[in-house]
Amino acid sequence: MAPELREDPLTGRQVVFAPARARRPGAGVARVEAATPDELETCPFCAGREDRTPPETLALPHRDPPDTPGWGVRVVPNLYPAFERQEVVVHSPRHVRSFGELDSGELALVAEAWRLRSAAARDAGSYPHVLVNEGRQAGASLAHSHSQVVWMREPPPAVALERQERVADLLACDDLVVLARGGIVATAHVAGRTPYESVVAPRVPSRDGTSLAAALELLAELVRRLYAVEGAVPWNAWLHDGPHWHIELVPRLTVLAGVELGAGVYVNPLPPETAAAALRDATG
Ligand SMILES: [Zn+2]
Ligand SMILES: [Zn+2]
């Protein structure tokens, strides 16, 4: 197949799909590795070690007194914020190493924490940038599954410049859809920057908490399927807020080089149709 240039309908970003260099799905080997004894002993996010983080901003379910065990999801300030405010959402009292290992109850609490802390950021006049980094090469400093809510002065360029009215176009390519459930669609991105880049979004945008929880369920299933196909690869995901909110999942399977950084054009060796087929066939 000859290299093919495609454009992201939301941003106009250009991606060259160049499958010449052999890269076939199914090369996966490893699932999420077990934690080392040292990691388990020193993890500040595990239940019972509430004194090793700054005092909590939020814990669900609510309990009294704060900063004690009994929580399902716990939000604490980031010790090293790069922005005016940055919060860490700890996804489970268990030492879970992948978002894909969270159960439905835990995902519902994560969604509720994202919703509440995003509302708090908006009330303060900030834009909440909610993100997950999984794996060291994706920027995660601690293995215990967590996300962050970064309070930004205004919507960042990645959000302000995208045409969210085109999200529906991303969801409409039937041969790219991986999963669809409860009004939420998980689809391979037609112009993904990296292999398996995906989008999770409601067909019809709505602000209710249940659709965010349903979206996180699909994100967790996508991660499990990605791991089944490629092994435990590092990835980033983030929620882009706005009229048609959506979650973007970017597995870190390629290295950004001179073309990507210098020209702003991404080279992706895996066509999205192939990625979608592999994720559809995988068992999550
Ligand atoms: Zn832990
Ligand atoms: Zn977006």
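Predicted model: local features only at pLDDT ≥ 70, side-chain atom pairs only at ≥ 80, totals over all residues.
**Exercise 1. Which residues coordinate the zinc ion (ligand 1), and what is the geometry of the site?**

Step 1. List the donors. They are Cys 43 (SG), Cys 46 (SG), His 95 (ND1) and His 144 (ND1), at 2.1 to 2.3 Å.

Step 2. Check the angles. Among the four donor atoms they run from 102 to 118°. Four donors count as tetrahedral if all angles lie between 85 and 135 degrees, so this site is tetrahedral.

Step 3. Read the spacing in sequence. The pattern is C-x2-C-x48-H-x48-H.

Step 4. Cys 43 sits in the loop between α1 (37–42) and β3 (58–60). His 95 sits in the loop between β5 (85–90) and α2 (104–123). The two are 52 residues apart, and the pair links distant parts of the chain.

**Exercise 2. Are Cys 43 and His 95 buried or exposed?**

Step 1. Take the cut-off: buried means under 20% relative accessible area.

Step 2. Apply it. Cys 43 has 3%, so it is buried. His 95 has 19%, so it counts as buried too.

**Exercise 3. Describe the site of the zinc ion (ligand 2).**

Step 1. Name the protein donors. Glu 162 (OE), His 240 (ND1), His 246 (NE2) and Glu 248 (OE) lie 1.9 to 2.3 Å from the ion.

Step 2. Assign the geometry. The angles among the four donor atoms are 97 to 123°, and the site is tetrahedral.

Step 3. Read the spacing: E-x77-H-x5-H-x1-E.

Step 4. Locate a pair. Glu 162 is in the loop between α3 (157–160) and α4 (167–171), while His 240 is in strand β11. They are 78 residues apart and link distant parts of the chain. Both Glu 162 and His 240 are buried.

**Exercise 4. What kind of aromatic pair do Phe 99 and Trp 235 form?**

Step 1. Note the count: the structure holds one aromatic pair.

Step 2. The ring centres of Phe 99 and Trp 235 are 6.2 Å apart, with 85° between the planes. Planes over 60 degrees apart count as edge-to-face, so this pair is edge-to-face.

Step 3. Find the partners. Phe 99 lies in the loop between β5 and α2, and Trp 235 in strand β11 (residues 235–240), so the pair ties together parts 136 residues apart in sequence.

Step 4. Check burial. Phe 99 is buried at 0% relative accessibility, and Trp 235 is buried at 0%.

**Exercise 5. What lines the second largest pocket?**

Step 1. Start with volume: about 320 Å³.

Step 2. Pick out the residues. The lining has 18, and the closest to the pocket centre are Phe 45, Asn 78, Val 88, Ser 141 and Leu 142.

Step 3. Sort by class: ten nonpolar, seven polar and one charged.

Step 4. Trace the strands. β4 (73–77) and β7 (146–152) each supply at least two lining residues.

Definitions and conventions:
Residues numbered from 1 in each chain as written. Chains lettered and ligands numbered in written order. Heavy atoms only, no water. Donors = N, O, S within 2.8 Å, 3.2 Å for Na, K, Ca; no water. Tetrahedral: all angles 85-135°; square planar, octahedral: opposite > 155°, others 65-115°. Helix = DSSP H or I, 4+ residues; strand = E, 2+ residues; numbered from the N terminus. Buried < 20%, exposed > 50% of the residue type's maximum accessible area, 1.4 Å probe, protein only. 1 Å grid on protein atoms, 1.4 Å probe; cavity = no way out; pocket = protein on both sides within 12 Å on 5 of 7 lines; lining within 4 Å. Points joined across faces, edges and corners; volume = space filled by probe spheres on them. Nonpolar A, V, L, I, M, F, W, Y, C, P; charged D, E, K, R; others polar. Phe/Tyr/Trp six-rings, centres within 6.5 Å; stacked < 30°, edge-to-face > 60°.
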